[in-house]
Amino acid sequence: MLRTRIEAGELGELAVAGERLQMRLGVEDVPRLAKLIAGDRERGKILDLTVDFDAGPEGHPRMRLAVDGDLQLRCQRCLQAVPCSIELTTQLTVVDDDEQAESLADPFDSVVMEAGVLDLAIVTEDEILAALPMAPVHESEQECVELGAELTDLENRTEQTYRPFESLATMVAGGGRSDRRDK
C-alpha cells in the first residue's frame, strides 16, 4: 500500500515550500472506485497523481490535485467494459474542521483533515467519483449490440412463458382418452 497520509505539520511545510508530490495510485488504493471497474484484468491499473502544494490566500494550505489514467468501467446498458479516461484537475483548500471551511470564500473547494491527517488516496478517490458519469455507457447502442448485448426495446421484444407442466397435462389427458377409446 502506498503511503498517502500527510500529517498536519508536514502539510504546512509542503505548502510553505511549494512542494510537488508525484505518485501512482493502484486501483487497490481506491477501493470504492475499484468496485466500479469492469473485469479482473483492470484491477492492476494505475492512476498518475500529481499534487502541488502552496500557502493559500486565506491562510490555509492549498493543493492542486491532477489525476490522469484510463479505466474500464461497466456499461450500464450492456454490462460490458466501456473505456473511461480520467483527466481531472482540481484545487482544494485544506482545513481542520467544517467551521473553517464555512469561513472560506468558496467552501465547496475545500477538504477537511480527519484527525490532523490528510489522506491523498481518499481525497483523490472522492474527486474521481464525483467526476465520473452517473451511468457510464458506450457512445451508441450499436456498440453494445456488437458486444453481444440484447437491446431492451420493448416493441421488438417477445416474451416467452415457460410452462413446464402444460405438455404433461396434455399428454396425460390425451393418453387417458385414447386408452378409453381403444377399449
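**Reading the pocket and the sheet**

Author: In this predicted model, the lining of the largest pocket comprises nine nonpolar residues, one polar residue and two charged residues.

Reader: Which residues line the largest pocket?

Author: Rolling a probe the size of a water molecule over the atoms shows where empty space is left. Here the lining consists of Lys35, Leu36, Ile37, Leu73, Arg74, Gln76, Leu129, Ala130, Leu132, Pro133, Met134 and Pro136. The volume of the largest pocket is about 190 Å³.

Reader: Which elements each supply at least two residues of that lining?

Author: They are β4 and α4, the latter spanning 120–131.

Reader: Turning to the sheet, what is the order of its strands?

Author: The sheet is open and has five strands, in the order β2-β3-β4-β5-β6, and the pairing is mixed. Its edge strands, β2 (20–26) and β6 (110–112), each pair on one side only. From one strand to the next, the twist averages 35°.

Reader: How many bridges join β2 to β3, and do the two strands run parallel or antiparallel?

Author: Seven bridges join β2 to β3, which covers residues 46–55, and the two run antiparallel. Met23 stands opposite Leu49 in β3.

Reader: Which strands does helix α1 touch as it packs on the sheet?

Author: Helix α1, residues 8–17, touches β2, β3, β4 (61–74) and β5 (81–95). The direction of helix α1 makes about 75° with that of β3.

Technical notes
Residues are numbered from 1 along each chain as its sequence is written. This is a predicted model: local features need pLDDT of at least 70, side-chain atom pairs count only at pLDDT 80 or more; totals for chains, interfaces and linings use all residues. Side-chain values use heavy atoms; hydrogens and water are left out. Two strands pair if DSSP finds at least two bridges between them. Helices (H or I, at least four residues) and strands (E, at least two) are DSSP runs, numbered from the N terminus. Axes are lines fitted to C-alpha atoms, for helices over the stretch in contact, and angles run from 0 to 180 degrees between N-to-C directions. Contact means heavy atoms within 4.5 Å. On a 1 Å grid over the protein atoms alone, a cavity is a set of points where a 1.4 Å probe fits but cannot get out, and a pocket is an open set with protein on both sides within 12 Å along at least five of seven lines; lining residues have an atom within 4 Å of a point. Grid points are joined across faces, edges and corners, and a volume is the space filled by probe spheres set on the points. Ala, Val, Leu, Ile, Met, Phe, Trp, Tyr, Cys and Pro count as nonpolar, Asp, Glu, Lys and Arg as charged, and the others, Gly among them, as polar.
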